[in-house]
Amino acid sequence: MAIKGWIEVDELHCKGCGLCVAACPQNVMSLDMERLTPKGYHPVHLHADGCTGCGICAIVCPDAALTVFREAKIKA
Amino acid sequence: MAIAEPKIVYQRPTSLATRVTHYCPGCTHGVAHRLIAEVLDEMELREKTIGVAPVGCSVFAYNYFDHDYVEAAHGRAPAMATGIKRMLPKNTVYTYQGDGDLASIGMAEIMHAAARGENITVVFINNAIYGMTGGQMAPTTLPGMVTTSSPGGRDIESMGYPVRMAEILSTLDGAGYVVRRSLHDPNNIRKAKKAIRLAFETQERGLGFSLVELLSSCPTNWKLSPVDALQFIEDKMIPMFPLGDYKVNPEIGKLRV
Ligand SMILES: Cc1ncc(C[n+]2csc(CCOP(=O)(O)OP(=O)(O)O)c2C)c(N)n1
Ligand code: SF4
Ligand code: SF4
């Protein structure tokens, strides 16, 4: 399946609170239990395809830790 | 041929400083900060905005925004903002206050700033508790709610009823824009941002005192997970503190933002 959207997680700011995980309508976010941020939290990551770049995770994030991207089609 | 190029859907607002906040994970103080920063960016007000920080968990707000900020004594942010705005009327001045700060020790200051129609904006964080000092009862604590100073639950007989600040302040003639919103889900967060925008629009148009009360979580002192704390807002806080527009200057009511 083609990627339509994706996120970048700023691991300095992410506190692993999980609010984005609960809000993601595609259920493709989870805390990465294999990793720790410099502050000692498990950062969020995309664990599966299916992100549409809707931006809902960024709307609920209290730490502005997420940048959200979406593929934009440009007609050549 | 169609080629794909990334489009940024969301990025950190520039009015927010890069510093990591000391707020507990999942605390919606951070969401409120983000929304203010987004609005200041959109209205291009950052260069002329002066914030007034409270005492409470948001005591370090001045570290988290990339615009001018001063720190007030507990509850006195509206008095300090009054002085700043009167001396620098072209600047945008707002206070950021918790419910202990605004509705307890600072009750006199907020009432009179609104009654005088001071042309300032107030972002009021109602989390029904004193967060910073360890979860004591606030004037906004719900009936029956367990806090460290009401361990048996807030008893109405001896401790009285919660105060509804947006409703009270909306009765004052000096108020131009007074609403209550909530930070518990994406839809309500969008509405909260719009309200913050309209509050600043009120100030920019000189239409008097503006205040946005935001129902906000304190997962740590409510002893709930961040996700459960948002559910608590929806299930328990909104029935006591109904969301709504309590006073909207007609000129602001017509604005489309
Ligand atoms: C003059 C004075 N009295 C009392 C205190 C103790 N104190 C610090 S923060 C606070 C209440 C904070 O609660 P709130 O305004 O609801 O903010 P929150 O921490 O919940 O965000 C109190 C009573 C103080 N710092 N100064
Ligand atoms: S909402 Fe923000 S801080 Fe919380 S887990 Fe997601 S990215 Fe991290
Ligand atoms: S104590 Fe409560 S209000 Fe203060 S930062 Fe933690 S969760 Fe937020």
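Tutor: Start with residue classes: Ala, Val, Leu, Ile, Met, Phe, Trp, Tyr, Cys and Pro count as nonpolar, Asp, Glu, Lys and Arg as charged, and the others, Gly among them, as polar. This is a predicted model, where local features need pLDDT of at least 70, side-chain atom pairs count only at pLDDT 80 or more, and totals for chains, interfaces and linings use all residues. Residues are numbered from 1 along each chain as its sequence is written, chains are lettered from A and ligands numbered from 1 in the order written, and side-chain values use heavy atoms, without hydrogens and water.

Student: Which residues surround ligand 2?

Tutor: A residue is near a molecule if one of its heavy atoms lies within 4 Å of it. Around ligand 2 you find Cys14(A), Lys15(A), Gly16(A), Cys17(A), Gly18(A), Cys20(A), Val44(A), Cys61(A), Pro62(A) and Leu66(A). Sort them by class: 7 are nonpolar, 2 polar and 1 charged.

Student: Where is Gly16(A) placed?

Tutor: Helices (H or I, at least four residues) and strands (E, at least two) are DSSP runs, numbered from the N terminus. Gly16(A) sits in the loop between β1 (5-9) and α1 of chain A.

Student: Is Gly16(A) buried or exposed?

Tutor: Buried means under 20% relative accessible area, exposed over 50%, and partly exposed in between, with a 1.4 Å probe and protein chains only. Gly16(A) has 18% relative accessibility, so it counts as buried. Contact means heavy atoms within 4.5 Å. Leave aside its neighbours within four places in sequence, and Gly16(A) touches Leu31(A), Tyr41(A) and His42(A).

Student: What are the classes in the shell around ligand 3?

Tutor: That shell has 6 nonpolar, 5 polar and no charged residues. Among its members are Tyr23(B), Cys24(B), Cys27(B), His29(B) and Cys57(B). Helix α9(B) gives the most, with 3 residues.

Student: How do I read helix α10 of chain B?

Tutor: Begin with a general rule. An α-helix has 3.6 residues a turn, so residues three or four places apart point the same way. In α10(B), Pro226(B), Ala229(B), Leu230(B), Phe232(B), Ile233(B), Met237(B), Ile238(B) and Met240(B) are buried. Their cover includes α1 (19-23) of chain A, as well as β5 (121-126), β8 (175-182), β9 (209-215) and α9 (219-222) of chain B. As for length, 15 residues (226-240) should span 21 Å, and the end C-alpha atoms are 21 Å apart, which agrees.

Student: Where is the kink in α10(B) centred?

Tutor: The bend at a residue is the angle between axes fitted to the seven residues ending there and the seven starting there. In α10(B) there is a kink of about 35 degrees, centred on Ile233(B).

Student: How many aromatic pairs are there over all chains?

Tutor: Rings of Phe, Tyr and Trp (its six-membered ring) pair if their centres lie within 6.5 Å; planes under 30 degrees apart count as stacked, over 60 as edge-to-face and the rest as tilted. The whole structure has 8 such pairs. One is Tyr69(B) with Tyr94(B): edge-to-face, 5.8 Å centre to centre, 85 degrees between the planes. Tyr69(B) lies in strand β3 (residues 68-71) and Tyr94(B) in strand β4 (residues 92-98) of chain B, so the pair ties together parts that are 25 residues apart in sequence. Both Tyr69(B) and Tyr94(B) are buried. With Phe65(B) and Phe200(B), they form one aromatic cluster.

Methods: Expected span 1.5 Å × (residues − 1).
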